[in-house]
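The sequence and structure come first, and the text follows.

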Amino acid sequence: MAIGVFCRVCRGQWFANGNKRTATMKANHQLIHDGVGLFALPLPDLMGEDFRRVLTDYYESADESGMSAWLREHAIVTRFD
């Protein structure tokens with residue numbers, strides 16, 4: 001659910017700036033509420049072109065599948081060592 005919320009808020013472009021930050025806060029609210037973990041995008045240097053590519057594909061197609069898979073693999077933190 002948190003990933004879907006992140007995707008819809010980002011793509012919705014509610015604000016002129018800060019959409020991904022707002023989406024990250026909303027996703028974290030959901031994950032923390034459900035006791036799952038945290039949502040944290042990797043630092044830009046670590047994301048590489050993959051994030052930009054899946055985000056652009058999602059924005060252009062409205063198909064969340066690629067974006068969701070990337071976020072599930074790279075942005076959900078469930079263990080704190």
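Gln13 sits in the loop between α1 and α2. Helices here are DSSP runs of H or I with at least four residues, strands are runs of E with at least two, and both are numbered from the N terminus. The model is predicted: local features need pLDDT of at least 70 and side-chain atom pairs count only at pLDDT 80 or more, while totals for chains, interfaces and linings use all residues. Residues are numbered from 1 along each chain as its sequence is written, and side-chain values use heavy atoms, with hydrogens and water left out.

**Positive phi in the loops**

Gln13 follows α1 and has a positive phi of about 45 degrees although it is not a glycine. Most residues other than glycine have a negative phi. Gln13 counts as partly exposed because its relative accessibility is 43%; buried means under 20% relative accessible area, exposed means over 50%, and partly exposed lies in between, with a 1.4 Å probe and protein chains only. Ala62, in the loop between α3 and α4, also is not a glycine and has a positive phi, about 65 degrees. Its relative accessibility of 43% is why Ala62 counts as partly exposed.

Gln13 is one of the contacts of Asn19, along with Val9, Cys10 and Trp14, when neighbours within four places in sequence are left aside. Contact means heavy atoms within 4.5 Å. Asn19 belongs to helix α2 and is buried, since its relative accessible area is 7%.

How many residues of helix α1 are buried? Of the 11 residues in α1 (residues 2-12), 8 are buried, and the helix is mostly covered. They are Ala2, Ile3, Gly4, Val5, Phe6, Cys7, Val9 and Cys10. These buried residues pack against α2 (19-34), β1, α3, α4 (65-74) and β2 (76-77).

In soluble globular proteins, nonpolar side chains tend to be buried together. A nonpolar core is taken as a set of buried Ala, Val, Leu, Ile, Met, Phe, Trp, Tyr and Cys residues joined through side-chain atoms within 4.5 Å. The largest such core has 20 residues, of which Phe6, Cys7, Phe39, Phe51, Met67, Trp70 and Leu71 touch the most other members. At least two core residues come from each of α1, α2, α3 and α4, and α1 gives the most, with 7.

**Helix α4 and its two partners**

Two packed helices are described by the angle between their axes and the distance between the axes. Axes are lines fitted to C-alpha atoms, for helices over the stretch in contact, and angles run from 0 to 180 degrees between N-to-C directions.

| Pair | Angle | Axis distance |
|---|---|---|
| α1 and α4 | about 125 degrees | 10 Å |
| α3 and α4 | roughly 150 degrees | within 8 Å |

The angle in the α1 row makes α1 oblique to α4, and the one in the α3 row makes α3 roughly antiparallel to α4. Angles under 35 degrees count as roughly parallel, over 145 as roughly antiparallel, 65 to 115 as roughly perpendicular and the rest as oblique.

α1 passes α4 in a right-handed crossing. On the α1 side the contact is made by Ile3, Phe6 and Cys7, and on the α4 side by Met67, Ser68, Leu71 and Arg72. By class, this contact has 5 nonpolar, 1 polar and 1 charged residues. Ala, Val, Leu, Ile, Met, Phe, Trp, Tyr, Cys and Pro count as nonpolar, Asp, Glu, Lys and Arg as charged, and the others, Gly among them, as polar.

The crossing of α3 and α4 is left-handed; a crossing is left-handed if the near helix is turned anticlockwise from the far one by less than a right angle, and right-handed if clockwise. Met47, Asp50, Phe51, Val54, Leu55 and Tyr58 of α3 meet Gly66, Met67, Trp70 and Leu71 of α4. These residues divide into 8 nonpolar, 1 polar and 1 charged.

**Two leucines**

Leu55, in helix α3, is buried because its relative accessible area is 9%. With neighbours within four places in sequence left aside, Leu55 is in contact with Lys20 and Met67. Leu55 and Met67 are 12 residues apart along the chain, and their C-alpha atoms are separated by 6.3 Å.

Leu41 lies in the loop between β1 (38-39) and α3 (44-61). With a relative accessible area of 25%, Leu41 is partly exposed. Not counting residues up to four places away in sequence, Leu41 touches Phe6, Thr24, Phe51, Trp70, Leu71 and Ala75.
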